[in-house]
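Visitor: Hi, I'm new to this one and would like to look at it with you. Could you put it up so that we can go through it piece by piece?

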Amino acid sequence: MPYSSLIALSQLSSQQIQDLFLSAETIQKEPAHISISKGTAALIFFEPSTRTRMSFEMAAVQEGFYPVRFDGANGTSLEKGETLEDTLLNIAAMKPQMMVIRSGAELDFHQLQKKVNIPIINAGWGAYGHPSQALLDMFTITREFSDFKKIKLLILGDIKHSRVASSHVELAKILGHKLAFCGPSFLTENSQGIERFHKLDEALKWANIVMPLRVQHERHQEKMNLADYISDYGLTKNKLAQASKDLMILHPGPVNHGVEIDSEVYFDSRSRILLQVENGIYIRRAIIRKLIQASRGLPNQEQKAGII
Ligand code: CP
């Protein structure tokens, strides 16, 4: 690739991910200083987003890039039938310093990369992956678990439609920590060789970190029985009684309160859900910093090692 991008975590080695975490840790300690002088960041979101979009926008500003936003089809030439790829090629022709893209599976990020000489950052692509989310989840975990061998991450619920779960599968292969899924069969098929629990009580006894996922009703072909789902897999204070008292609770958001997680659990002292959001800024700044260094040919450790 002529310019480095972050499309999938399988591009990275364990050392590169740990370097990224070190960079995020350094960024967290840097004094706030904003000077938008390095160019523009095109934030192109064909699908809805709150956290990722605002987080990348803040990260871009804090790294010195003016964010130019494309939010959904409304008011754009997509409404006149322009294709997603044409839209992106035209935005690339305006020469932003990076393109941060969220889209459904209909776009092919790898094909796009062959046509544009600008770093592409995957901000959520179909069910293929959401690399920055998995990285910020793992950054949050490693603030409290320094030994990857001790991590037992349980992802709970709608695995089938989750780009976050897909990126966690890639991450576990690279970092070597334990990962398991729990949920009903129709939401945990295609689990790609990952350990699978169907009973939540057994899964919670196994895990030291649990991350329920939003039930993505909008992507389901058939209506599910929500009452059964909540009864079997909804994370409640009562069900947590069977888990370790040190269990870390994560959620990538957005949350369906009272479905995959109760509000009581969301606000439990073991919950790191809003800390994930804070950490998202540091991780996304670190990603932007490293990609821009690499694309500008600036010497850095990661580039010498042939990284992102
Ligand atoms: N976690 C996440 O991707 O949230 P948004 O859809 O709000 O960006």
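Visitor: What follows helix 6, and what is its phi like?
Guide: Helix 6 is followed by Gly176, whose phi is positive, near 85°; helices here are DSSP runs of H or I with at least four residues, strands are E runs of at least two, and both are numbered from the N terminus. This is a predicted model, in which local features need pLDDT of at least 70, side-chain atom pairs count only at pLDDT 80 or more, and totals for chains, interfaces and linings use all residues. Residues are numbered from 1 along each chain as its sequence is written, and side-chain values use heavy atoms, with hydrogens and water left out.

Visitor: And what caps the N-terminal end of helix 6?
Guide: Ser162 does, with a side-chain oxygen 3.2 Å from the backbone nitrogen of Val164.

Visitor: Why is helix 6 described as largely enclosed?
Guide: Because 11 of its 13 residues are buried, helix 6 is largely enclosed by the rest of the structure, where buried means under 20% relative accessible area, computed with a 1.4 Å probe on protein chains only. Among the buried residues are Arg163, His168 and Glu170.

Visitor: Changing topic, where is His220?
Guide: His220 is found in the loop between strand 8 (209-212) and helix 9 (226-233), and because its relative accessibility is 16%, His220 counts as buried.

Visitor: Which residue's backbone oxygen does its side chain reach?
Guide: The side chain of His220 reaches the backbone oxygen of Gln216 at 3.5 Å.

Notes
Buried < 20%, exposed > 50% of the residue type's maximum accessible area, 1.4 Å probe, protein only. Polar contact = N/O pair within 3.5 Å; in protein donor to acceptor, adjacent residues only side chain to side chain.
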